[in-house]
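Q: Please take a close look at one part of this model: the pairing of its strands. Then place that part in the rest of the chain.

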Amino acid sequence: MKKYEKLAEEIAESIRTGVLRKGDKLPSVRQASASHAVNASTVFEAYYLLEARGLITVKERSGYYVSGGSSTLPELAAHPVAHPYLTPVDVSELVFDILGATRNRTVVPLGSAFPSPLLFPLKKLGRTMASIAQHMDPWSSVRDLSPGDENLRRQIAVRYMIDGFSVPTDDIVITNGALEALNLCLAAVSKPGDSILIECPTFYAALQAIERNGLNAIEIPSHPKTGVNLDAMAAALEQHKPAACWLMTNFQNPLGSLMPEDKKQALVALLQRYQVPLIEDDVYGELYFGQQRPKPAKAFDTEGLVMHCSSFSKCLAPGYRVGWVAAGRFAKTIERIKLTTTLAAPAPVQQTLAAYLAMGGYDRHLRALRHTLLMQQIRFIETIEQVFPAGTQLTRPAGGYFLWLKLPEGTDALSLHQHCLELGISIAPGPMFSAQRQFSEYIRLNYGHEWTSEIEQALHTLARLIPEHIR
């Protein structure tokens with residue numbers, strides 16, 4: 001980063017976290033120049049960049065002021081979770097009913113699990129694929145069987161190296177999206193009747209996988225800012241002897257929480273002590289708003305116990321369905337399970353992504369994508385602050401594209417969801433994120449679609465409906 005970009009990011013982070021609030025005056029150029037030990041032109045460049053991003057505004061003869069990015073709404077505290085006991089999971093029908101509506105393009109996708117496909121370089125990827133298809137080695141359809149295309153696995157290994165830790169190429173297995181990677185990991189380390197430790201609330205697909213495989217869930221409370229409660233996890237490990245853990249350490253869905261680095265280290269040390277594998281779902285790790293990508297728990301794994309799963313679906317190529325797992329000691333087992341189920345991800349798609357990554361435009365795309373998502377988060381929070389009823393609380397994630405909201409006491413999120421659907425608006429109600437159907441007053445909103453008057457009006461309508469669904 002150039003000096004002015006680094007200074008701009010520091011100020012943007014202060015705005016996003018609420019250290020600087022709407023209407024606050026920024027230091028003068030002279031003051032900022034002295035305090036940051038940079039010249040005046042660097043400060044001007046940083047302020048120009050922040051102004052272009054809509055974060056600050058200049059008032060003639062007065063100075064620069066924060067124009068957005070903070071909120072007076074209370075930030076969510078941890079939700080009290082019922083005692084972590086073994087829970088048979090039965091959520092699939094609820095999830096299928098709720099997700100079915102999000103496929104309809106006429107529905108405003110506040111409840112969608114996906115960012116807008118318009119945010120991605122699909123034309124460039126298409127041109128790359130056309131070239132790959134014309135010159136593809138016919139034998140690659142055999143060569144690229146699991147564990148997958150060697151060039152793509154090497155490019156992924158390079159991404160790990162850039163993030164500051166090493167993953168051997170042979171540990172990486174290419175999959176049909178991250179969800180297959182996660183399910184392969186679950187199959188590799190569990191059998192029917194076992195228990196799986198999950199955070200609460202959790203990604204509903206984890207609940208569905210646990211249900212489908214005849215497993216039990218152990219729900220551990222998770223903080224909206226810092227992630228899973230390690231003390232509660234240690235107690236559950238001692239009491240229940242789970243077969244594995246399934247967690248999101250970076251920008252968790254639905255909370256948006258980001259586990260601090262020292263807590264990730266402590267998590268890995270705890271699991272190593274009990275020799276319990278971690279299935280780490282890290283599909284949102286590239287969508288950070290800070291200065292560098294947060295490391296996954298995998299970065300602290302010295303025993304091969306962490307299976308790090310990710311994909312290109314949320315950050316580069318939705319619909320291509322290419323993911324992977326850096327599987328550590330479980331790589332060969334997962335590779336064999338993959339071979340006996342779906343064999344391989346499509347060879348042309350793997351080679352297309354490998355070629356795109358090698359061309360060097362990926363990080364430029366990611367910077368633009370992260371900027372867009374941050375701006376959309378700011379617009380969402382500002383609108384929610386203006387129109388939602390008193391008693392609303394929300395998270396302010398440092399990445400990803402989800403907001404987790406607690407609505408006023410007594411709100412029935414499921415009935416609110418049904419009412420919204422009747423008006424062409426989808427939301428994701430809290431009970432779909434818990435094996436015990438908790439979070440009846442919570443909803444998840446997706447800010448990963450372009451801000452439009454339609455989305456703004458949908459938020460106004462949602463705010464108007466909430467009081468009608470308070471018991």
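A: Two strands count as paired if DSSP finds at least two bridges between them. Strands (E, at least two residues) and helices (H or I, at least four) are DSSP runs, numbered from the N terminus. The model is predicted: local features need pLDDT of at least 70, side-chain atom pairs count only at pLDDT 80 or more, and totals for chains, interfaces and linings use all residues. Residues are numbered from 1 along each chain as its sequence is written, and side-chain values use heavy atoms, with hydrogens and water left out.

Start with the open sheet. Four strands build it, in the order S12-S13-S15-S14, and the pairing is antiparallel. Strand S12 (393–394) and strand S14 (428–429) are the edges, each pairing on one side only. Strand S13 covers residues 402–406 and strand S15 covers residues 442–446. These two run antiparallel and are joined by five bridges.

The loop between S14 and S15 holds arginine 437. This residue is not a glycine, yet its phi is positive, at about 55 degrees. Arginine 437 counts as partly exposed, at 41% relative accessibility. On this scale buried is under 20% relative accessible area, exposed is over 50%, and partly exposed lies in between (1.4 Å probe, protein chains only).

With a relative accessible area of 45%, leucine 343 is partly exposed.

Now the parallel pairs. S5 and S8 run parallel and share three bridges. S5 also pairs with strand S6 (residues 216–223), in parallel, through six bridges. Isoleucine 196 links to both partners. It stands opposite alanine 244 in S8, and its bridge partner in S6 is alanine 217. On its other pairing, S8 is joined to strand S9 (residues 278–281) by three bridges, and these two run parallel.

Strand S8 (residues 244–247) is covered on both faces. Ala244 and Trp246 are buried on one side, and Cys245 and Leu247 on the other.

The bond runs from cysteine 200 to proline 201, with omega near 5 degrees. Proline 201 lies in the loop between strand S5 (195–200) and helix H9 (204–212). A further cis bond joins serine 146 and proline 147, with omega about 25 degrees. Proline 147 is in the loop between helix H6 (140–143) and helix H7 (150–162).

Cysteine 420 belongs to helix H15 (residues 413–422). At 0% relative accessibility, cysteine 420 is buried. Leaving out residues up to four places away in sequence, it touches Ile425, Ile427, Leu462 and Leu465; contact means heavy atoms within 4.5 Å. The C-alpha atoms of cysteine 420 and leucine 465 are separated by 7.9 Å, although the two residues are 45 residues apart along the chain.

Now step back to the whole. The protein chain has 16 helices and 15 strands. Its radius of gyration is 23 Å, close to the 23 Å of the globule rule for 471 residues, so the chain is as compact as a globular protein of that length. The radius is taken over C-alpha atoms, and the rule is 2.2 Å times the number of residues to the power 0.38. The C-alpha atoms fill a box of roughly 70 × 55 × 45 Å along the principal axes.

Of the 471 residues, 59% count as buried. Among contacts with a separation of 6 or more, 77% are between residues 24 or more positions apart. The accessible surface comes to about 19,500 Å², and 53% of that belongs to carbon and sulfur atoms; the method is Shrake-Rupley with a 1.4 Å probe.
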